[in-house]
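Please examine the sequence and the coordinates shown here. The paragraphs after them move from the whole chains to individual residues.

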Amino acid sequence: MTEQLRDRLAAIVGKDRVLTRAGELRTYESDGLPGYQKRPSLAVLPGTRDEVVAIVRVLAEGKLKFVARGAGTGLSGGALADDVVLLGLHRLKRIVSIDADNARAVVEPGVVNARLSAAAREYGLYYAPDPSSQTACTIGGNVAENAGGPHCLKYGVTLNHVLALTVVLPDGDVVTLGSADGESDGYDLLGAFIGSEGCFGVVLDATVRLERNPQAVRTLLADFNSIDSAAHAVSAIIASGIVAAALEMMDNNTIAAVEASIYAAGYPVDAAAILLIELDGPAAGLEEDVARVEQFCRDAGARDVRIASDPADRARLWQGRKKAFGAMGRISPHLVVQDAVVPRTKLPAVLAEIGAIAKELRVNVCNVFHAGDGNLHPNIGYNADDPAEAARVHSAMTRVMQACIDAGGTITGEHGVGLDKLPYMDALFTAPTMHAMCSLRSVFDPDQRSNPGKVVPIHRCSEWHAAANVRTALE
Amino acid sequence: MSAAISERIHAARSRAESLRIVAGGTWLDAGRPCPALSTLDLSAHTGVTRYEPGDFVLSARGGTPLEEIERIAAAHGQWLTLDPVGRAPGTIGATIATASYGPLCSAFGTPRDHILGCEFVSGTGDVVRAGGQVVKNVAGFDLVRLVTGAWGTLGVISEVTLRMRARPEVDRSVAITVDPNDVVKAWRWLRDSEFTPLAAELLSPELAQRIGLGAAPVLLMRFGGNEPLVNAALTSAMVLGELREQTTGIWNVLRDAHETMTVSLRASAKPSRIDATWAYALALATPVGGFASATLTRGVVRCSMPSMPAVSASEVHVTLERIPADHWPAAEARRGTRALDERVRIAFDPDRVLNPGILDV
């Protein structure tokens, strides 16, 4: 990092907004996965979109690499800057407008997810994608990761809620993707950009679709003697065609962690697994669906099914779920977080296999996940300072991931590849498929300066470039 | 089969030949004039390759007719909630390639909201397997959305994996005659209602008359769900006018009516501007003997006409949906990032082997 760069950036954002000292940069060394630590060469914290554009142009001029970061709550190491510039966007937190007539909002990238829903409440609207980190994570980060959340089962993920984005490309060009005012022409570059994990450019503003608050909501808590019966209940509910707003599972290890924490939700601590099921929509016909879901749970062997009595009770049940990762943090110094997805009919078999792997390798798996989507989060708490335990955890994770891929699944449903899941990309995608991904990245960022080294293993991209050069030479 | 497509593309590249991708052939007239030398025929490339009803996920080869998917899914009480304009032999590959949709988009969105994965053969002959077979997936960059709506110009879609849905327990359709000045009222009712119809289309008088619903504007709505829900929705809709019960077959009749016209395009703007968009669309369609139907909740109006009208610059955006080659306008307004589109095209089909000219990139 040269002093010249620091001075040029300071001229844009002010001296106090360019961080260079080790102590100041420490904050940015990790994201939500503290197992990874990388120190940026410098952090720059713009407060306006013009400042962001000016910064990106300075970086483009110098061909410098950079990593955009929102709240740093990601769970894939995706926002880590390894000795490159970190572009912090959390100060761009303006809700530019809420258009209640059309149920949409324009927001800056640093707007916190839950704050948008809070601001939309007075219009009877909310923003549906609800990652568990929603009280901290930002819309810009949600766009980068194509974030999900429990309620994406019925309402769709970030991709289904973004109408348009204004982005600055790594070369400094500002473009609009999608359209907030009617349809757009050409390729679906909006769709391609969402979930590109910061590799295609930086969001300056997002136009997002809001949902109308449902007329009625029912939240059920079903508890089971075995994970297998809970998994069968999930399969039965899905197969019935009833689309729950959310359908979440937590196993006994997770329940124990939550109930021992300040987030205690009153879950039955002796249950092998619980399902948290939410049904919403018009009041008409809702009780009929609730009754059917309750019956599916009982048929699968539920010991008890209870329905939240009031909004406060419902909020408590959800808090336990949403803070489960935090609760696990109390038990072990380190946590690995998985995010694989399997076909929903394979849930019982895959969960049984995960249990067997955990037993064989003597690791403590906590399952807390979006069962309705088949999106697993088998997390393992451990002590990374114990090399033998760390090795067993690593081995267990690799085997769990392979089991999910073998079941026809994928390696990440909502957290992104980042750094954490790079090693599994080769097992999931063919070489030509990763070559195609590299080609797409090159369209937006030919020099691969934006979030370098993430998503697609570097060897894949370099092979592709070598091959492309060879082809050009031959033609 | 994808290996054969790849060989064909390699051969075409080496001979500096271009290929027109064809399967059902129902969309041949739809895109810009495409001066390809040879045909890449996928009409034998059909069949459902994987279907696990319990997962609500189905995979099919690109040339599979929509009606085949419909038939197979119906046996399990499921359906693919895409109902593009076009004749029955239309294929899933063409539906995805053209991102075509119909009235069901009110509740279920467009092809980009349905497709979970696909296999395509790029213009360099690479066989790419994008996305997956699960309903939630963020592994790697999103090549699936990229080829959806790309009109085959980035790759030949050889297989797709789709999200399926359960057919509703009760599925009822009603027609309501509305006052021509009540477009906004109908839109507002839909926006504020707790009930989400499976489909809600406002038909121009000419269209209503053509499908036997009288000579005034008609709001055609379809509600699905359990019995109490559908009953409540229909009762609630009575504030808009008298309900005339229809069979679900009416939606095919509507689709076929659009199909009989030579040209169709979509006018769109913010949903709250639906009255202006509607007026704009009627002004285009009516003088040339055409008609229109509006998907009110999305602010989109489909106009179908015997010939291409003059499209003037307006705040309403016009998407050219199906225009035969000899009806294409000399110039058109285009929205989007052309420079990026060009770079995408070159990255995936550098020699413009696939459907050259069909998009303006």
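The model is predicted, and local features are reported at pLDDT of at least 70, side-chain atom pairs only at pLDDT 80 or more, while totals for chains, interfaces and linings use all residues. Residues are numbered from 1 along each chain as its sequence is written, chains are lettered from A and ligands numbered from 1 in the order in which they are written, and side-chain values use heavy atoms, with hydrogens and water left out.

Chain A contains 17 helices and 18 strands, where helices (H or I, at least four residues) and strands (E, at least two) are DSSP runs numbered from the N terminus. Its radius of gyration is 23 Å, close to the 23 Å that the globule rule gives for 475 residues, so chain A is as compact as a globular protein of that length. This radius is taken over C-alpha atoms, and the globule rule is 2.2 Å times the number of residues to the power 0.38. Along the principal axes, the C-alpha trace of chain A spans about 65 × 55 × 50 Å. Of the 475 residues of chain A, 59% count as buried; buried means under 20% relative accessible area, exposed over 50%, and partly exposed in between, with a 1.4 Å probe and protein chains only. Chain A exposes about 16900 Å², and carbon and sulfur atoms supply 51% of that area. Accessible areas come from the Shrake-Rupley method with a 1.4 Å probe, and for residues only the protein chains shown count as cover. Among contacts in chain A (heavy atoms within 4.5 Å) between residues at least 6 apart in sequence, 71% join residues at least 24 apart.

Chain B has 11 helices and 17 strands. For its 361 residues a compact globule would have a radius of gyration near 21 Å, and the value for chain B, 21 Å, agrees. The C-alpha trace of chain B spans about 65 × 50 × 30 Å along its principal axes. Buried residues make up 61% of the 361 residues in chain B.

In soluble globular proteins, nonpolar side chains tend to be buried together. A nonpolar core is here a set of buried Ala, Val, Leu, Ile, Met, Phe, Trp, Tyr and Cys residues joined through side-chain atoms within 4.5 Å. The largest such core has 135 residues, and those with the most contacts inside it are A:Leu116, A:Leu165, A:Met249, A:Leu275, A:Cys297 and B:Leu143. Leaving aside neighbours within four places in sequence, B:Leu143 is in contact with residues including A:Thr433, A:Ala436, A:Met437 and A:Leu440, as well as B:Phe120 and B:Phe348. A second, separate core of 43 residues includes B:Leu229, B:Ala267, B:Trp278 and B:Leu284.

Aromatic contacts come next. Rings of Phe, Tyr and Trp (its six-membered ring) pair if their centres lie within 6.5 Å; planes under 30 degrees apart count as stacked, over 60 as edge-to-face and the rest as tilted. By this rule the count comes to 7 aromatic pairs over all chains. The rings of A:Phe193 and A:Phe200 have centres 6.4 Å apart and planes at 70 degrees, so this pair is edge-to-face. Both A:Phe193 and A:Phe200 are buried. The rings of A:Phe200 and B:Phe141 have centres 4.7 Å apart and planes at 40 degrees, so this pair is tilted. A:Phe200 lies in the loop between α7 (189–193) and β10 (202–209) of chain A, and B:Phe141 in the loop between β7 (127–131) and α5 (143–147) of chain B, so the pair joins two chains. A:Phe193, A:Phe200, A:Phe444 and B:Phe141 form one aromatic cluster.

Most residues other than glycine have a negative phi, and most peptide bonds are trans. A:Lys63, not a glycine, has a positive phi of about 55 degrees, and A:Lys63 is exposed, with a relative accessible area of 55%. A:Val455, also not a glycine, has a positive phi of about 70 degrees, yet A:Val455 counts as buried at 0% relative accessibility.
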